[in-house]
Amino acid sequence: MANTSGAFGLRPINLAGGAPNSQGTNAYYIASDASAIYNGSPVIATNGGTIAITGSASGDTYKHLGAFNGCEYVSSVTGKKTWSNYWPGSGANTNFDIVGYVYDNPTQRFVIATDATFTNRATAKAAIFENTQFNTGTSGSTTTGVSSASLDVATLDASDASLPLKILGIYDDPTNQDYAAAGLQMIVMFNNHALLEANSEGTVA
């Protein structure tokens with residue numbers, strides 16, 4: 001049976017060490033000309049004091065700040081404060097701040113769907129503690145606002161910590177555990193977190 005959920009970006013579940021997920025986000029500014037940022041998208045800190053969607057689809061070598069969870073801004077059409085589960089890339093009155101919310105805890109653990117099959121459970125288990133890239137880390141749906149970022153199975157590497165994701169386990173979801181199909185849900189953390197680096201600024205492509 002195929003996995004049912006498809007790609008949805010990064011979904012927070014809990015914190016490393018077994019601590020329950022507090023669902024805590026922190027607020028950061030978004031530049032008015034920033035590209036669209038979808039719910040669940042990996043985001044980076046920029047040199048301009050704002051956040052942006054990861055600088056490349058793979059996310060390779062970037063120091064990530066966390067996963068995006070919506071924003072608020074003053075609409076250029078209605079003049080009223082607007083909440084959106086994603087940043088559409090335009091539509092804000094630039095006389096007011098655009099504020100995005102990010103799951104930014106460096107110990108945050110996320111669920112993400114794979115872009116391809118692991119073939120079987122043994123292969124999926126063998127991927128635990130390996131590093132990998134995102135597949136389509138910068139895309140998403142303008143209808144639902146949800147990220148289509150997924151885990152790139154083809155780039156698994158045991159030693160390259162410059163890759164953005166560390167695989168920590170297989171998520172227990174009976175409706176998404178077809179090991180022979182794409183969309184298997186894996187537990188991950190960010191390898192290189194911006195808040196743990198001496199230089200926390202990323203570079204926007």
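**Close-up views of the predicted model**

**View 1. The side chain of Ser 147 lies 2.9 Å from the backbone nitrogen of Ala 149.** This pair is a polar contact (N or O atoms within 3.5 Å; within protein, one must be able to donate a hydrogen and the other to accept it, and residues adjacent in sequence count only if both atoms are side-chain atoms). The model is predicted, with local features requiring pLDDT of at least 70 and side-chain atom pairs counted only at pLDDT 80 or more, whereas totals for chains, interfaces and linings use all residues. Residues are numbered from 1 along each chain as its sequence is written, and side-chain values use heavy atoms, with hydrogens and water left out. Ser 147 belongs to the loop between β10 (134-135) and β11 (150-151); helices (H or I, at least four residues) and strands (E, at least two) are DSSP runs numbered from the N terminus. Ser 147 counts as buried because its relative accessibility is 1%, where buried means under 20% relative accessible area, exposed over 50% and partly exposed in between (1.4 Å probe, protein chains only). Beyond four places in sequence, Ser 147 touches residues including Phe 8, Tyr 38, Asn 39 and Ser 139, a contact being heavy atoms within 4.5 Å.

**View 2. Leu 10 and Val 188 touch the most other members of the largest nonpolar core, which has 20 residues.** At least two residues of this core come from each of β8 (108-113), β12 (165-170) and β13 (185-190). A nonpolar core is a set of buried Ala, Val, Leu, Ile, Met, Phe, Trp, Tyr and Cys residues joined through side-chain atoms within 4.5 Å. Not counting residues up to four places away in sequence, the contacts of Val 188 include Leu 10, Phe 110, Ile 112, Leu 151 and Ile 167. A second, separate core of 18 residues includes Ile 30, Ala 36, Tyr 86 and Ala 194.

**View 3. Thr 119 has a positive phi of about 80 degrees, although it is not a glycine.** Thr 119 is placed in the loop between β8 and α1 (121-126). Thr 119 counts as exposed because its relative accessibility is 54%.

**View 4. Phe 129, also not a glycine, has a positive phi of about 80 degrees.** The loop between α1 and β9 (131-132) holds Phe 129. Phe 129 counts as exposed because its relative accessibility is 56%.

**View 5. Over residues 199-205, pLDDT stays under 50.** The model has 17 contacts beyond four places in sequence for residues 199-205. The protein averages a pLDDT (the predictor's confidence in each residue, from 0 to 100) of 92, and 93% of the residues score at least 70.
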